Amino acid sequence: MLIGNDQTGKSAIVSQFARNEINLEYAPTIGVDFAIKVVDVQGERIKLQIWDTAGMKKFQTITTAYIKGCQAFFIVFDCTNRQSFLDIP
C-alpha cells in the first residue's frame, strides 16, 4: 500500500511500476485504486496487489479501512514540499 499526502506521486509510482505507463496529467485518486504486478523473486513468481490510496484528508477514513490487511507500506512524500514529510503519521 502506498500512503502519503495528496499530490506526492503515489499514483505515478503505481502507474510506472505496475503498468509501465507515464502519465503527466494529475488526476486525484478517489478512495482507493489498485494494480496487479507479477515479479520474479529468487526464481519464484510473486503476485503483488498494490493499493494506491487517496491522499486527500476527506478520504482518510476510507484509506484507513484498507490498512489492516496490508503486509507492506510505501510512505510517499514530496521532497519539494516539507509539509508532506511532516504529515507522515
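The model is predicted, so to speak, from end to end: local features need pLDDT of at least 70, side-chain atom pairs count only at pLDDT 80 or more, and totals for chains, interfaces and linings use all residues. Residues are numbered from 1 along each chain as its sequence is written, and side-chain values use heavy atoms, with hydrogens and water left out.The secondary structure comprises three helices and four strands, where helices (H or I, at least four residues) and strands (E, at least two) are DSSP runs numbered from the N terminus. Read from the N terminus, the order of the elements is β-α-β-β-α-β-α. Of the 89 residues in the protein, 26% are buried; here buried means under 20% relative accessible area, exposed means over 50%, and partly exposed lies in between (1.4 Å probe, protein chains only).

Grid points are joined across faces, edges and corners, and a volume is the space filled by probe spheres set on the points.

The largest pocket has a volume of about 470 Å³. Its lining counts 25 residues, and those closest to the centre are Ser 11, Ala 12, Glu 25, Tyr 26 and Ala 27. Both α1 (10-19) and β3 (44-53) supply at least two residues each to this lining, and α1 gives the most, with six residues. Sorted by class, the lining of the largest pocket holds nine nonpolar, nine polar and seven charged residues. In this scheme, Ala, Val, Leu, Ile, Met, Phe, Trp, Tyr, Cys and Pro count as nonpolar, Asp, Glu, Lys and Arg as charged, and the others, Gly among them, as polar.

The second largest pocket holds about 410 Å³ of space. Among the 16 residues that line this second pocket, Met 1, Gln 49, Ile 50, Ala 72 and Phe 74 are the closest to its centre. Again α1 and β3 are the elements that give two or more residues to the lining, but here the largest share, five residues, comes from β3. The lining of the second largest pocket divides into twelve nonpolar residues, three polar and one charged.

On the surface, Phe 34, Ile 36 and Val 38 form a nonpolar patch with about 240 Å² of accessible area together. Such patches are made of residues with over 30% relative accessible area and no salt bridge, nonpolar side chains (Val, Leu, Ile, Met, Phe, Trp, Tyr) being joined within 5 Å and like charges within 9 Å. A salt bridge is a side-chain nitrogen of Lys or Arg within 4 Å of a carboxyl oxygen of Asp or Glu, and accessible areas come from the Shrake-Rupley method with a 1.4 Å probe, where for residues only the protein chains shown count as cover. Val 38 sits in strand β2 (residues 32-41) and counts as partly exposed because its relative accessibility is 40%.

Phe 77 is found in the loop between β4 (74-75) and α3 (82-86), and its relative accessibility of 38% makes Phe 77 partly exposed. The C-alpha atoms of Phe 77 and Thr 8 are 5.3 Å apart, although 69 residues separate the two along the chain.

Most residues other than glycine have a negative phi. Gln 7, which is not a glycine, has a positive phi of about 60°; Gln 7 belongs to the loop between β1 (2-3) and α1 and is exposed, at 54% relative accessibility. Asn 20 also has a positive phi, near 55°, and lies in the loop between α1 and β2. With a relative accessible area of 64%, Asn 20 is exposed.

Conventions. On a 1 Å grid over the protein atoms alone, a cavity is a set of points where a 1.4 Å probe fits but cannot get out, and a pocket is an open set with protein on both sides within 12 Å along at least five of seven lines; lining residues have an atom within 4 Å of a point.
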